[in-house]
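Please consult the sequence and structure below while reading.

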Amino acid sequence: MTSNLLVKVRSSSLFLLALLYLTTLFIKWNWLDCIIDILIIVTLVLSMVAVHGTSRIIGYSLFIIGAILLYHYHVPLTVWGKALRRNLYLLVMFTLVPLLGIPIRQGGYIDVLKGFFRHYVRRDNQFYLLVKVVTFLVGVMINVAVVPLVHQISLASEKSKNRRLLSTALIRGFAASIIWNPGHAAVALTMELTGAKWLKIFPYGLLMSFMAIFIGWLMTLLEEKNRTNSRGCSPAKEEMEIAWNKIVELSTFGLLLIATIVIISLLTGITTVVVVAMVSLVFPIIWLTVIRKLPVFVAEFKDQYFKVNLPRLKNEVVLFLGAGFFSTAVSVSHWDNLVSILLQETVAGNAVVFSLVVISLTVLLAMLGIHPIITVTILGSSVRPEFYNISRDLMALILTSSWSLGIAVSPSSGLNVTMSGLIERSPLVTGPRWNGIYAVIVSVIIILILNLLNSFGLV
């Protein structure tokens, strides 16, 4: 009973925190800020008690090291409070984005996609590409929750018995979306750290995402051709009718979601991440109203969102608030100057070498279990792009690309932990073992693309 009560309190305080944060964007009342500070502490304490595994180790380490630095440098308590609030906008976004999953679950799209798998997917490379593209697209709307969702859909195909094939498609598909997805913490945090504008990096991030999808598909195609049993008999084709109107409907709402975010951000000047959070509150209601299923919203909110989605966010609470706290401490302690000096000595102002060092370092540390959020936070808060003859936009793309590749191979990332649980394999297998070579190849291509863009003055 006590455990259930604490979960309800944590979920309630988290949701209320998100609503009040958005309210303060339009209404400036001091008492609202006081309530927000209290809710941050309540949510954080309850989440730190509940979190476990690698997220606990990383989160606790961020807070402990950050606290030691702030205490050592005699930083005022007001700065401690600002440090806790630094990444609050990320937490708000992650809290509200799962609401977008309600129309996806209730709109009849999942059964249609299952039918599509059974009817059209005949080869490994087709299965891989479809799973990866669906994960890539739907992940923009519901973030990492897309992994168990598409995993469940994919089980309709015989190809899902190949656990490596299914795992790599899901992990790489979601990782590819991270490079440009305004609803992901990587992009949000990077925009904050570098001062870059999402609308400027969006087309180039999307380009690199498509490239990553193509490289993964090509690797799968070559592996399939090299297997001696790749020409085995395919199961008989099941005759069925696909509701293409539902697939078109899902695609249309997805495009409208992205367009809405872009337009509001352009017209209002509000940070893209905050716009994503705001839209996540309203868009599901509009979506369900259009498809005439609005009555299910309340039931889904109570049963799925409040009882399942919000309790799962304990890791994000600890990691995001911890990363903000830690980055503030690093900045105050001037460790960032040391990192900057070391990088300057290493890359000597060369943009090609800089991108190579940052991406390689992030991926290597990720393979060793250091979550990319730590590496990106340190580099983003300590490095001044102008010292290396690169723009803030290029710096942002380097960091989001590093994060994307890092979570694909990191055994400590939530993505690999989730995937390992779904297919009953170690995160060391789903991460560095199955995606290591892919990460290296894509890293090389991304570095080439980034430096071509820089050479032509596009970023």
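## A charged pair within helix α15

K307 and D303 lie four residues apart in helix α15, so about one helical turn separates them. The model is a predicted one. In it, K307 and D303 form a salt bridge whose closest N and O atoms are 3.9 Å apart. K307 counts as exposed, at 58% relative accessibility, whereas D303, at 45%, counts as partly exposed.

The structure holds seven salt bridges. Side chains of opposite charge can pair when their charged atoms come close.

E300 and R105 meet through their side chains in a salt bridge, with an N to O distance of 2.9 Å. This pair links distant parts of the chain, 195 residues apart: E300 belongs to helix α15 (residues 296-312) and R105 to helix α6 (residues 101-106). E300 counts as buried because its relative accessibility is 12%, under the 20% limit for that class. R105, with a relative accessible area of 27%, is partly exposed.

A salt bridge also joins the side chains of R85 and D33, at 3.8 Å from N to O. R85 lies in helix α4 (residues 77-85) and D33 in helix α2 (residues 30-50); the two residues are 52 apart and link distant parts of the chain. R85 is partly exposed, with a relative accessible area of 26%, and D33 is partly exposed as well, with 30%. The pair belongs to a network of salt bridges that links D33, D37 and R85.

Helix α1 comprises 23 residues, which at 1.5 Å a residue should span 33 Å; the end C-alpha atoms are 32 Å apart, so the two values agree. Buried residues of α1 include R10, S11, S13, L14, F15 and L17. Others among them are A18, L20, Y21, L22 and T24.

Which helices do the buried residues of α1 pack against? The partners are α2, α5 (88-96), α14 (272-290), α15 and α16 (314-333).

## A nonpolar surface patch

L25, F26, I27, W29, W31 and I35 form a nonpolar patch on the surface. Together these residues have about 590 Å² of accessible area. One of them, W29, lies in the loop between α1 (2-24) and α2. W29 has a relative accessible area of 43% and is therefore partly exposed.

## Helix α12

Helix α12 (residues 198-226) has 29 residues. From its first C-alpha to its last, α12 reaches 41 Å, close to the 42 Å expected at 1.5 Å a residue.

## A buried loop residue

N181 is placed in the loop between α10 (163-178) and α11 (185-194). Is N181 buried or exposed? At 1% relative accessibility, N181 counts as buried. Leaving aside residues up to four places away in sequence, N181 touches G139, V140, V187 and W198.

Key:
Residues numbered from 1 in each chain as written. Predicted model: local features only at pLDDT ≥ 70, side-chain atom pairs only at ≥ 80, totals over all residues. Heavy atoms only, no water. Buried < 20%, exposed > 50% of the residue type's maximum accessible area, 1.4 Å probe, protein only. Contact = heavy atoms within 4.5 Å. Salt bridge = Lys/Arg side-chain N within 4 Å of Asp/Glu carboxyl O. Patch = residues over 30% accessible without salt bridge, like charges linked within 9 Å, V, L, I, M, F, W, Y side chains within 5 Å. Areas by Shrake-Rupley, 256 points an atom, 1.4 Å probe, with all protein chains shown as cover. Expected span 1.5 Å × (residues − 1).
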